[in-house]
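Hi everyone, thanks for making time for this one. I'd like to walk you through a single chain, so let me put it up on the screen.

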Amino acid sequence: MRILKKTGYGETVDVLIGDGTLGYDKGAPYDRIYGTAGSPYIPESLKKQLKVGGRLIIPVGDKLGFQDLICIVKESENEFREKSLGEVVFVPMIGKHGWSEK
């Protein structure tokens with residue numbers, strides 16, 4: 001927080017510490033959600049937190065290798081469109097819907 005305050009963002013940024021694979025229900029629904037680590041699958045918890053028309057971009061695939069960068073668009077409350085954006089390599093996502101820390 002000290003660095004955020006020093007750069008002038010201390011009052012405009014909320015820092016949350018927790019399991020990112022669960023998302024953050026209190027702020028939902030979201031226009032955009034960006035996964036910044038490779039997941040073994042697309043967590044339903046993140047899809048549910050999108051607005052209709054919202055997008056989730058997340059790398060999905062192997063823990064230590066290539067993942068597929070997936071864009072999910074929420075078409076309606078229960079319908080999603082999925083598109084591959086290509087291969088990427090991200091660090092493993094850990095948490096309830098990610099990889100174990102071991």
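**A walk through the chain**

From the N terminus on, the elements run α-β-α-β-β-β. That gives two helices and four strands, where helices (H or I, at least four residues) and strands (E, at least two) are DSSP runs numbered from the N terminus.

A word on what you are looking at: this is a predicted model, in which local features need pLDDT of at least 70 and side-chain atom pairs count only at pLDDT 80 or more, while totals for chains, interfaces and linings use all residues. Residues are numbered from 1 along each chain as its sequence is written, and side-chain values use heavy atoms, with hydrogens and water left out.

Now some overall figures. Along its principal axes, the C-alpha trace spans about 40 × 35 × 25 Å. The chain has 102 residues, and 29% of them count as buried; buried means under 20% relative accessible area, exposed means over 50%, and partly exposed is in between, with a 1.4 Å probe and protein chains only. The chain exposes about 7200 Å², with carbon and sulfur atoms supplying 54% of that; the areas come from the Shrake-Rupley method with a 1.4 Å probe, and for residues only the protein chains shown count as cover. As for contacts (heavy atoms within 4.5 Å), take those between residues at least 6 apart in sequence: 37% of them join residues at least 24 apart.

Let's go to the strands. Two strands pair if DSSP finds at least two bridges between them. β1 and β2, the latter covering residues 50-61, run parallel and are joined by four bridges. Within that pairing, isoleucine 33 has leucine 56 in β2 as its bridge partner. On to β3, residues 67-76: β2 pairs with β3 in the antiparallel sense, over seven bridges. Here isoleucine 57 is partnered by cysteine 71 in β3. These two strands form a hairpin, with five residues between them.

How many bridges join β3 to β4? Eight, and the two strands run antiparallel. Isoleucine 72 stands opposite glutamate 82 in β4. Again there is a hairpin, and it joins β3 to β4 through two residues.

Lysine 47 sits in helix α2, residues 44-48. Is this lysine 47 buried or exposed? Lysine 47 counts as buried, because its relative accessibility is 14%. Lysine 47 lies over the face of phenylalanine 80, at 4.5 Å from the ring centre. The criterion is that NZ of Lys or CZ of Arg is within 6 Å of the ring centre and within 35 degrees of the ring normal. Leaving aside neighbours within four places in sequence, lysine 47 is in contact with Ile42, Leu56, Lys74 and Phe80.

Now the loop between α1 (2-6) and β1 (30-34), where we find threonine 21. Threonine 21 has a relative accessible area of 0%, so this residue is buried. A polar atom of the threonine 21 side chain lies 3.4 Å from the backbone nitrogen of lysine 96. For a polar contact, we want a pair of N or O atoms within 3.5 Å; within protein, one must be able to donate a hydrogen and the other to accept it, and residues adjacent in sequence count only if both atoms are side-chain atoms. Not counting residues up to four places away in sequence, threonine 21 touches a list of residues including Pro43, Met93, His97 and Gly98.

That brings us to glycine 98, in the segment after β4 (79-88). Glycine 98 is buried, because its relative accessible area is 18%. Beyond residues up to four places away in sequence, glycine 98 touches Thr21, Pro40 and Met93. Glycine 98 and proline 40 are 58 residues apart in sequence, and 6.1 Å apart in space, C-alpha to C-alpha.

One last stop, back in the loop between α1 and β1, which also holds alanine 28 and proline 29. A cis peptide bond joins alanine 28 and proline 29, with omega about 5°. Alanine 28 counts as partly exposed, because its relative accessibility is 29%. Alanine 28 and aspartate 68 are 40 residues apart in sequence and 25 Å apart in space, C-alpha to C-alpha.

That's my tour, and I'm happy to turn the model around for anyone.
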